[in-house]
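I opened my notebook to look at how two chains sit together. Here is what I had on screen.

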Protein chains: 2
Amino acid sequence: MKDFIGEHDNMKEKFYQYIQSLQDIICHKLQEVDGKANFQEDIWKRAEGGGGRTRVIENGNVFEKGGVNISAVHGELPETMRKHFDVKEGDFFACGLSLVLHPKNPFVSTVHANWRYFEMYNKKGEIVDSWFGGGQDLTPYYLFEEDAKHFHQVCKTACDKHNPNFYPNYKKRCDEYFYNTHRNEARGIGGLFFDYCKESDNMSMQNWYDFVSEVGDSFLEAYVPIVERRKALNYTDKHRTWQEIRRGRYVEFNLVHDKGTLFGLKTNGRIESILMSLPPHVQWVYDHHPEAGSEEEKLVKVLEKPKEWD
Amino acid sequence: MKDFIGEHDNMKEKFYQYIQSLQDIICHKLQEVDGKANFQEDIWKRAEGGGGRTRVIENGNVFEKGGVNISAVHGELPETMRKHFDVKEGDFFACGLSLVLHPKNPFVSTVHANWRYFEMYNKKGEIVDSWFGGGQDLTPYYLFEEDAKHFHQVCKTACDKHNPNFYPNYKKRCDEYFYNTHRNEARGIGGLFFDYCKESDNMSMQNWYDFVSEVGDSFLEAYVPIVERRKALNYTDKHRTWQEIRRGRYVEFNLVHDKGTLFGLKTNGRIESILMSLPPHVQWVYDHHPEAGSEEEKLVKVLEKPKEWD
């Protein structure tokens with residue numbers, strides 16, 4: 001996958017190498033945590049340029065389904081992107097790592113993370129714009145405040161090394177973005193979301209690279225302790241049913257609202273790599289409401305109005 | 001729900017009375033076919049005007065989940081509708097019956113149907129436009145050609161009483177509409193789809209009413225024999241897994257592509273009535289492909305390229 005990397009394209013080469021290495025580190029650790037299933041790898045090519053390395057884990061001890069995928073695609077801007085960015089023509093390069101993990105045990109939270117880099121070129125091949133984006137967020141089925149606080153604390157620590165405004169800003173944007181407007185509730189308890197991180201007086205692209213890779217490096221520290229604390233808890237069919245119903249909300253968000261998913265589906269992305277984010281077993285029950293005072297209701301109440309966890 | 005019916009509004013009153021009665025007839029028959037579960041009724045009101053009567057059946061002998069809903073809503077055109085119809089202001093009235101049935105047995109097809117009537121008014125309250133729309137379509141998990149032919153034959157017979165072009169035209173539009181472009185496959189084996197059926201030299205609104213109610217009246221004849229033929233067939237976990245994976249495609253269509261669903265979600269419709277269309281138990285398995293030469297593959301091949309059934 002070297003074909004698209006020109007000699008002077010330091011940032012895209014550097015970031016792509018970073019996410020390749022991060023994919024290895026994350027998959028290695030998650031396999032160790034799971035103790036049973038291994039990631040299966042699929043290398044794919046995009047007809048219009050570039051491709052990806054999809055790694056999926058299924059039916060593990062801990063992870064019922066999950067994917068840790070990287071891709072680096074390039075070529076002419078597809079029509080949807082030209083429209084979105086309001087340009088008539090041009091080429092692009094985009095690379096990123098996307099992961100979603102759906103644990104089997106309803107007491108272990110689902111997690112999502114994504115770190116990406118984008119370049120746009122004019123017809124002479126000169127970079128006219130470039131930016132980073134990404135984030136990580138947690139979706140529990142049962143609320144353990146300790147887990148939510150831990151996840152946010154790690155996010156905050158990574159952010160604070162770069163700018164004291166990053167955590168409050170990106171925490172807020174995460175709450176706003178991962179929101180099922182048609183349900184009036186958040187998908188989960190949030191984390192970080194940032195996009196269009198561009199060169200400015202305060203931040204060079206190298207500064208942004210340092211920030212994004214700091215967040216990427218913090219992922220395992222943010223998530224693994226939560227898995228370890230909850231993975232052996234006993235659960236019943238009742239807990240499992242609740243988890244499957246809540247997973248339905250995850251599907252609703254990803255298919256109705258998530259810009260990345262819809263963008264992929266409408267620009268001929270690799271469908272199986274995009275939809276690895278969907279949970280393995282899901283239920284839709286008509287007009288389901290948790291019992292008053294139950295643990296299930298406690299979660300829903302927190303999702304109705306995002307709160308501060310730091 | 002009489003408040004929106006003016007004295008001279010014959011068509012909207014007539015059609016709303018028709019779908020009320022059709023809901024009763026369909027629910028009565030489906031309960032008889034099921035033999036165990038009954039429809040539960042929810043009456044709801046829309047804050048901006050109108051409301052509906054949702055009837056849902058769950059955990060039956062035959063129907064794992066299904067809804068047969070009517071609604072009649074009216075008021076100012078919401079922003080999304082003003083945009084869609086390219087008008088600056090105005091009021092509307094819309095009523096319809098929507099049904100989706102998800103049988104438990106993987107050998108029984110899922111069915112969807114909808115019949116609706118729409119009026120648009122200027123600020124003086126005069127009708128400036130009105131039309132009918134609707135259709136019915138079948139989604140099998142295993143292909144029985146006899147079932148597909150029967151369903152289409154009933155559709156064709158109903159159409160042919162009104163115009164010999166209706167069946168070929170509306171069959172084709174159904175194949176085009178219920179298509180998962182991101183999967184390059186049809187949702188099911190089709191049926192009828194028609195929309196914006198307006199007054200013309202050949203067809204008065206009364207003619208359209210006669211046609212749409214002919215199709216509505218044909219629904220039970222189109223679907224019930226298919227259920228009766230297959231509902232007692234033995235099946236295994238393997239068949240059930242396939243059904244749940246295919247139901248995932250049903251969810252993908254409804255949440256990513258279906259205009260009615262997205263319209264409802266984005267205009268503050270009653271969420272539980274809209275999403276009753278989603279199946280009860282669903283699976284997403286990474287990169288699943290049926291075995292070569294299997295019954296599962298036979299279905300997929302037919303969905304890749306819609307065919308003639310009459």
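First, a term I needed: to find the rotation axis, I took the copies as superposed by least squares on the C-alpha atoms of residues with pLDDT of at least 70 in both. I also noted that this is a predicted model.

**Entry: the axis.** I looked up how chain A goes onto chain B, and a rotation of 180° does it, with 0.0 Å of shift along the axis and an RMSD of 0.0 Å. The two copies are therefore related as by a two-fold rotation axis. Next I asked myself which residue of chain A comes closest to the rotation axis. That turned out to be A:Val282, with its C-alpha at 2.6 Å. I also checked the surfaces: the same one serves both copies, as 96% of the contact residues of chain A recur in chain B.

**Entry: the contact.** I found 23 residues from chain A and 22 residues from chain B in the contact. Sorting the side of chain A that touches chain B by class, I got 15 nonpolar, three polar and five charged residues.

**Entry: the strands.** How do E10(A) and strand E10 of chain B pair, in the parallel or the antiparallel sense? I found the antiparallel sense, over three bridges, with E10 of chain B spanning residues 281-283.

Technical notes. Residues numbered from 1 in each chain as written. Chains lettered and ligands numbered in written order. Predicted model: local features only at pLDDT ≥ 70, side-chain atom pairs only at ≥ 80, totals over all residues. Contact = placed C-beta atoms within 7 Å. Nonpolar A, V, L, I, M, F, W, Y, C, P; charged D, E, K, R; others polar. Pairing = 2+ DSSP bridges. Helix = DSSP H or I, 4+ residues; strand = E, 2+ residues; numbered from the N terminus.
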